[in-house]
Amino acid sequence: MCDFTMSEQWDYEAEIAIVIGKAGKDISRADAMDHIFGYTLANDVSVRDVQRAHGGQWFKGKSIDRTMPLGPWITTRDEIDDLEGVRIQCELNGEVLQDAVVGQMAFDIPQLIEELSRGMTLDAGDVILTGTPSGIGNAREPKVFLRSGDTLTTRATGLGSLTNRIR
């Protein structure tokens with residue numbers, strides 16, 4: 001998963017991923033939820049020094065092969081009664097490092113869909129990551145980066161648990 005010859009600054013980001021079910025472009029906030037098929041878990045593994053080396057932009061530091069675990073399944077939109085109350089956590093080697101509810105996110109899901117679909121078609125099957133709670137390794141003092149042998153678990157209410165062994 002992590003190429004430690006490339007970097008030693010591999011970071012975790014527990015996120016909820018939206019799976020688009022109905023294509024659309026310029027989707028209004030009011031119609032945004034109608035375009036969602038369901039939700040799954042993601043760990044947006046990021047290489048922080050690679051991000052900085054490319055002007056702080058996100059693409060390169062988040063696009064290394066085999067660094068976006070998703071799953072373990074898709075929970076359909078109708079199965080989540082209280083999306084704002086869904087709790088997401090990230091646990092590293094048994095210690096909870098991220099813990100928040102969707103209602104605490106910087107941008108709510110309808111806003112994300114409205115903004116991303118402005119001038120760009122979202123197709124059925126597209127996956128959108130919603131952002132991560134506070135507590136990422138790069139923002140801690142001292143910093144906490146992933147090491148070979150670590151166990152990383154992302155979980156959220158109604159979405160299950162996704163566990164990855166870092167190697």
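A residue is called buried here when its relative accessible area is under 20%. By that criterion, buried residues account for 46% of the 167 residues in this predicted model.

**The whole chain.** Begin with the entire protein in cartoon view. Along the principal axes, the C-alpha atoms fill a box of roughly 45 × 35 × 25 Å. Of the contacts between residues at least 6 apart in sequence, 72% join residues at least 24 apart.

**The surface.** Next, display the accessible surface. The protein exposes about 8,400 Å², and carbon and sulfur atoms supply 50% of that area. Then select the charged side chains: 17 are positive and 26 are negative, with the centres of the two sets 5 Å apart.

**The core.** Now hide the surface and select Ile18, Tyr39, Ile109, Ile113 and Leu146, the residues with the most contacts inside the largest nonpolar core, which has 34 residues. Colour β2 (14-20), β3 (36-43), β6 (87-92), α2 (109-117) and β9 (151-156), the elements that each give two or more residues to this core. β2 gives the most, with four residues. In soluble globular proteins, nonpolar side chains tend to be buried together.

**One residue in detail.** Which residues does Ile113 touch, not counting residues up to four places away in sequence? Centre the view on Ile113 and show Ile18, Ile20, Ile27, Ala32, Ile36, Leu122 and Ile128, which are its contacts beyond that range.

Terms used
Residues numbered from 1 in each chain as written. Predicted model: local features only at pLDDT ≥ 70, side-chain atom pairs only at ≥ 80, totals over all residues. Heavy atoms only, no water. Buried < 20%, exposed > 50% of the residue type's maximum accessible area, 1.4 Å probe, protein only. Contact = heavy atoms within 4.5 Å. Areas by Shrake-Rupley, 256 points an atom, 1.4 Å probe, with all protein chains shown as cover. Lys, Arg positive; Asp, Glu negative; His and termini not counted. Charge placed at Lys NZ, Arg CZ, Asp CG, Glu CD. Core = buried A, V, L, I, M, F, W, Y, C linked by side-chain atoms within 4.5 Å.
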